[in-house]
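I set out to record what I looked up in this structure, entry by entry. The notes follow the order in which I consulted it.

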Amino acid sequence: MTIENVLLVSAALFAIGAYGVVSRRSLVTVIMSLELMFNGVVIAAVAFSRFTPAAALLSGDPLTAEAIRSALTGHAFAIFVTAVAAGEAALAFALVFAMYRATESVEITDASEMKN
Amino acid sequence: MTPVMEVSALTTIAFWAASAMTLGFAAIVVTQRDVFRAAIALAGSFLGVGILYFVLSAEFVGVVQILVYVGAISVLMAFAVMFIQDIASGSRPAQGRLVGVAAAVLVFAALAFTAYNTEWSSQNELSPDAVVALTEGYYEVGEGDDIRVELTEPAGDNDVVVANGGAFVESTGAVGVLLVREYMLAFEIIGLLLVAALIGGLLLMRNPPSSNKTEKGDASV
């Protein structure tokens, strides 16, 4: 397990999600694929946190608590992205329901107008 | 030169197993016509990603992943699938399927090329003191703005001493401190964003558009 391997998995998950976003017609599946892409990005953030050194820990300065914590910036980033993705999913499904009520369809090709 | 954190053979096996699980279920999500099966596969994929986080020694992120994604978002997906009636017709592939394959292959090739052709800085460049602080633990001595870091427990003075586990080994506490110190503002804004998303969702779902006009008086409480 090296950083290259983890980034490869992250890239593969992102690409699978991208394929789903482009090639599916149902909005529900498109949102699922979007969540897969989010996960791919977060895996990369955690991998960088795990395998590359924090810049503040490289220099010869005396060790500070902030510098030690900065090695975990990727984890904090992962948590923020997860929170944003959760909010996005909730809002996206509200929109899908609103569209379903208005047009009786959840297909992306029917979403050409935003009236009602 | 030994790596800062040794990757054992067992970890490597767990990593590839979790990766296979994640990518396999993800492939089912984007190819399955039955949307409910896709939702179940999505939960499996999220679980695989959670295991990946544990393998990457990010326990807190792994637990958050399982709580938020496997626990909440998957259930939301399942509800969405059940609410929408015409799901029986399935998720038909769109016209531009070849375009999708081409885009995905290009994105993957570009990212993989970058991953393998970049010389990533290695943790072997860390100073020995930093390695000890990350993997074995450190002590914060003093209080207020005047905190210094010691690697061994200071004996016999009146300062406040806080013992910390290695930031990589016991990441949960360090991530908690990181969130409420360095990223305090972002943390608050995320709370605001979630409230806004919640209110926005409720507003969109509130009334069917047809009955909106008749009940306008009641709705504006």
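Entry 1. I began with what covers the buried residues of α1(B), and I found that the cover includes α1 (3-23) and α2 (27-51) of chain A as well as α2 (35-55) of chain B. I note at once that this is a predicted model. The buried residues of α1(B) are F15(B), A18(B), S19(B), T22(B), F25(B), A26(B), V29(B) and V30(B). I then looked up the helix itself: α1 of chain B runs over residues 9-31 and has 23 residues. From first C-alpha to last, helix α1 of chain B reaches 33 Å, close to the 33 Å expected at 1.5 Å a residue.

Entry 2. How many helices and strands does chain A have? I counted 4 helices and 0 strands, and the pattern read along the sequence is α-α-α-α. The radius of gyration of chain A is 19 Å, whereas the globule rule gives 13 Å for 116 residues; the value is well over the rule, so chain A is more spread out than a compact globule. I also looked up the extent of the C-alpha trace of chain A, which spans about 65 × 25 × 15 Å along its principal axes. Of the 116 residues in chain A, 57% are buried. Among the contacts in chain A with a separation of 6 or more, 59% are accounted for by residues 24 or more positions apart.

Entry 3. I consulted the UniProt record for chain B. The entry is unreviewed, and its annotation "transmembrane region" covers residues 13-31, 38-56, 62-84, 96-116 and 183-204 of chain B. I checked two of these spans against the model. Residues 38-56 of chain B are 95% helix and 0% strand, with end C-alpha atoms 27 Å apart. Residues 96-116 of chain B are 95% helix and 0% strand, and here the end C-alpha atoms lie 30 Å apart.

Entry 4. I closed with the domains of chain B. The assignment divides chain B into domain 1 (9-90), domain 2 (128-168) and domain 3 (170-208). How far apart are the centres of domain 2 and domain 3 of chain B? Taken over C-alpha atoms, the centres are separated by 31 Å. I found 5 residues of domain 2 of chain B in contact with 4 residues of domain 3 of chain B. By class, the side of domain 2 that touches domain 3 has 2 nonpolar, 3 polar and no charged residues.

Note on methods: Residues numbered from 1 in each chain as written. Chains lettered and ligands numbered in written order. Predicted model: local features only at pLDDT ≥ 70, side-chain atom pairs only at ≥ 80, totals over all residues. Helix = DSSP H or I, 4+ residues; strand = E, 2+ residues; numbered from the N terminus. Rg over C-alpha atoms; globule rule 2.2 N^0.38 Å. Buried ≥ 20, exposed ≤ 12 C-beta atoms within 10 Å, placed from the backbone. Contact = placed C-beta atoms within 7 Å. UniProt positions renumbered as here; feature names shortened; annotations may be inferred. Expected span 1.5 Å × (residues − 1). Domains from an automatic or database assignment. Nonpolar A, V, L, I, M, F, W, Y, C, P; charged D, E, K, R; others polar.
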